[in-house]
Amino acid sequence: MDCRQCATPLARPGDYCLVCHTANTEVVVLDLGRDRATVSCIAEEEVVGQRTVTTTPEGDGSDQQAVTELRNFAGLIADEVRRKRPEEVYVTGDRAVIGAVRGQLHHEFYRVEGDDPVQRVLDRRGEPALEVVEASLAEKLGGSHSTLIGGRTGQRALETVAGHPHVKKVIPGPIDASGSGARGGVRAKATRADTNGNVRVLIRDGSSVQENRVVTTAGDRELGEHVRADLNEALREAELQD
């Protein structure tokens with residue numbers, strides 16, 4: 001593949017051109033399995049390149065050899081993304097691999113579902129882009145109920161939600177302590193989006209539940225569901241979901 005701007009041959013399809021400083025990939029889609037990852041590059045509504053990265057998992061995932069192997073695998077995937085310098089990165093697949101790759105990149109990851117994640121992203125390219133909210137966590141957290149359940153862990157759950165780029169505001173609600181006791185510590189979950197694209201995040205701590213309203217930049221239920229999926233994935237990675 002040659003650079004779209006200056007026609008310089010690229011080492012790999014979709015690479016950023018170091019001659020004229022032009023990006024040849026707009027979006028990267030990562031389909032991450034535990035032993036095999038596919039990196040797909042999209043530009044101008046079509047796939048311009050794909051590369052597969054493989055590894056051989058070591059041990060049961062808990063010893064140092066396994067930790068090193070996963071880190072190296074994630075590093076190879078992250079290098080592929082860095083070569084492209086995309087505007088957006090979509091991801092699906094193994095949670096451990098997603099977490100390891102996320103830790104090596106500065107890009108915001110957007111969750112994509114479905115049997116064909118590349119086609120799903122291509123389909124979504126025709127949808128209106130969601131506004132990105134450039135605001136601090138303190139600015140996003142508001143409401144009249146300042147008390148949060150779950151202590152520092154509950155606070156971390158709301159900070160995880162507020163940190164999403166398509167979240168405008170997180171409004172903590174009243175605490176309901178009438179439920180039955182439950183084990184497992186503090187847990188959080190984003191519920192189905194409403195017709196305006198907004199969701200609610202339920203935080204449970206034992207018999208107490210707090211319902212928190214989350215205002216997003218999505219304008220309808222379908223786009224709100226994309227944000228909800230991202231939020232639940234972020235909460236899982238923060239070990240706030242089972």
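Which strands does helix α3 lie across?

## Basis of the model

This is a predicted model, in which local features need pLDDT of at least 70 and side-chain atom pairs count only at pLDDT 80 or more, while totals for chains, interfaces and linings use all residues. Residues are numbered from 1 along each chain as its sequence is written, and side-chain values use heavy atoms, with hydrogens and water left out.

## Helix on the sheet

Helix α3 (residues 117-124) lies across β1, β2, β3, β4 (88-93) and β5. Its direction is at about 150 degrees to β1. Axes are lines fitted to C-alpha atoms, for helices over the stretch in contact (heavy atoms within 4.5 Å), and angles run from 0 to 180 degrees between N-to-C directions. Helices (H or I, at least four residues) and strands (E, at least two) are DSSP runs, numbered from the N terminus.

## The sheet

The order β3-β2-β1-β4-β5 describes an open sheet of five strands with mixed pairing; two strands pair if DSSP finds at least two bridges between them. Because β3 (46-54) and β5 (109-111) stand at the edges with a single partner strand each, one side of each has no neighbour in the sheet. On average, neighbouring strands are turned by 25 degrees against each other, direction ignored.

Strands β1 (residues 27-32) and β2 (residues 36-43) run antiparallel and are joined by six bridges. V28 stands opposite C41 in β2.

## G150

G150 sits in the loop between α4 (137-140) and α5 (151-162). With a relative accessible area of 18%, G150 is buried (under 20%; exposed is over 50%, partly exposed in between; 1.4 Å probe, protein chains only).

Beyond its neighbours within four places in sequence, G150 is in contact with V186 and D205. The C-alpha atoms of G150 and V209 are separated by 9.5 Å, with the two residues 59 residues apart along the chain.
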